[in-house]
Amino acid sequence: MQFLGKFVSDVGATMAAGGVVVGDRLGLYQALADKPQLPEELAGRTGTAPRYVEEWLRGQAAGGYVEYDTETGHYWLTEEQAYALTDPDGPVLGGFQLAIGALKAEPRITEAFRTGQGVGWHEHDADVFSGCERFFRFGYTANLVSGWLPALDGVEDGLRAGIRVADVGCGHGASTTLMARAFPASAYVGWDYHGASVERARQRAGAHGLGDRVQFRVGSAQTFDGGPYDLVTTFDALHDMGDPLGAARRVRGQLADDGTWMIVEPAAGASLSENLNPVGRAYYAFSAFLCVPNALSQEGGYALGAQAGEEPVRRLAAEAGFGRFRRVAQTPFNLVYEARP
């Protein structure tokens, strides 16, 4: 019965992910945040159908995402719920969008389990790309400029004075634009093998007025060029690669003699038992649908997965010719390493 309860909870959570994405896309959370409302009021404010909104609100209340007053029939958001569910740049909405997008590939992932073949990142639904950026961007915004870059030896001073930076596996360019906006004296090139993501990154940079200092180019971690760079960064990307050693060697070859490679990876312990927790559960699930299939779709023979931990990254850096390696920062979702020649 205890396991049955877990099953019921997980089925509800799986379906609730769809409800959160619907609420985000229709602006239901934003419209509910300012005052308690009846279903028909919320529907009127958002241009949606009252009966659908009523059922959505009931499910949201049952899941603890919305509050309900049994006497008045009104629904509302607590301060904490509103903070998490109305911020378009927050990790909650992005995480659910990423999950919904990843699950759309279930038939192909199931077949890949049978054949051992890979499924490339570029083959996934567009919600994967946007949701991934939203999920990780919150952590980058909160920590990259204020904590992670200052933890690297001499890098912050260099960025202020003006250095060349390559952001490899940049996706939609969230990390690249954050650095460029904080340190305008430096020049940046974002690299990603996914052309649609590169185009989105270019649009983002243009909207921020960064076109003269930031470039985005199509290229893989094993082929990017334009060095020497004073700083190379990889954000939540190394473990997705079929040839992370080739990428590490390419970084070493494109890096200045006194340059720095900042490696940001998902938080993970050194053993499986250390990762048997809610964060590990989420990362292993995403890894089975996204990270491992992508790595297996590429040449190289690696499939580290999202919970690889520190030691495999340390070994890769050493094999690629980096003489110094250390962990410089960590959050509940990320570990940050510094590798230097």
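**Strand pairing and helix packing**

The bridge partner of V168 in strand β4 is W191. Strand β3 (residues 164-168) and β4 (residues 187-192) pair in the parallel sense over 5 bridges, where pairing requires that DSSP finds at least two bridges between two strands; strands here are DSSP runs of E with at least two residues, helices are runs of H or I with at least four, and both are numbered from the N terminus. This is a predicted model, in which local features need pLDDT of at least 70 and side-chain atom pairs count only at pLDDT 80 or more, while totals for chains, interfaces and linings use all residues. Residues are numbered from 1 along each chain as its sequence is written, and side-chain values use heavy atoms, with hydrogens and water left out.

Because 4 of the 5 residues of β3 are buried, β3 is largely enclosed by the rest of the structure; buried means under 20% relative accessible area, exposed over 50%, and partly exposed in between, with a 1.4 Å probe and protein chains only. R217, which lies in strand β5 (residues 214-218), is partly exposed, with a relative accessible area of 29%. Leaving aside neighbours within four places in sequence, R217 is in contact (heavy atoms within 4.5 Å) with V189, G190, W191, D192, V198, R202 and D225. The C-alpha atoms of R217 and V189 are separated by 7.2 Å, although these residues are 28 residues apart along the chain.

Turning to the helices, α6 (residues 91-103) and α13 (residues 278-296) have axes that come within 10 Å and cross at roughly 55 degrees, the axes being lines fitted to C-alpha atoms over the stretch in contact and the angles running from 0 to 180 degrees between N-to-C directions. The two helices are therefore oblique to each other, since angles under 35 degrees count as roughly parallel, over 145 as roughly antiparallel, 65 to 115 as roughly perpendicular and the rest as oblique. On the α6 side the contact is made by G95, L98, A99, A102 and L103, and on the α13 side by F286, F289 and L290. By class, this contact of α6 with α13 has 7 nonpolar, 1 polar and no charged residues, with Ala, Val, Leu, Ile, Met, Phe, Trp, Tyr, Cys and Pro counted as nonpolar, Asp, Glu, Lys and Arg as charged, and the others, Gly among them, as polar.

Helices α3 (residues 39-46) and α4 (residues 50-63) pack at an angle of about 120 degrees, with their axes 8 Å apart, which makes α3 oblique to α4.
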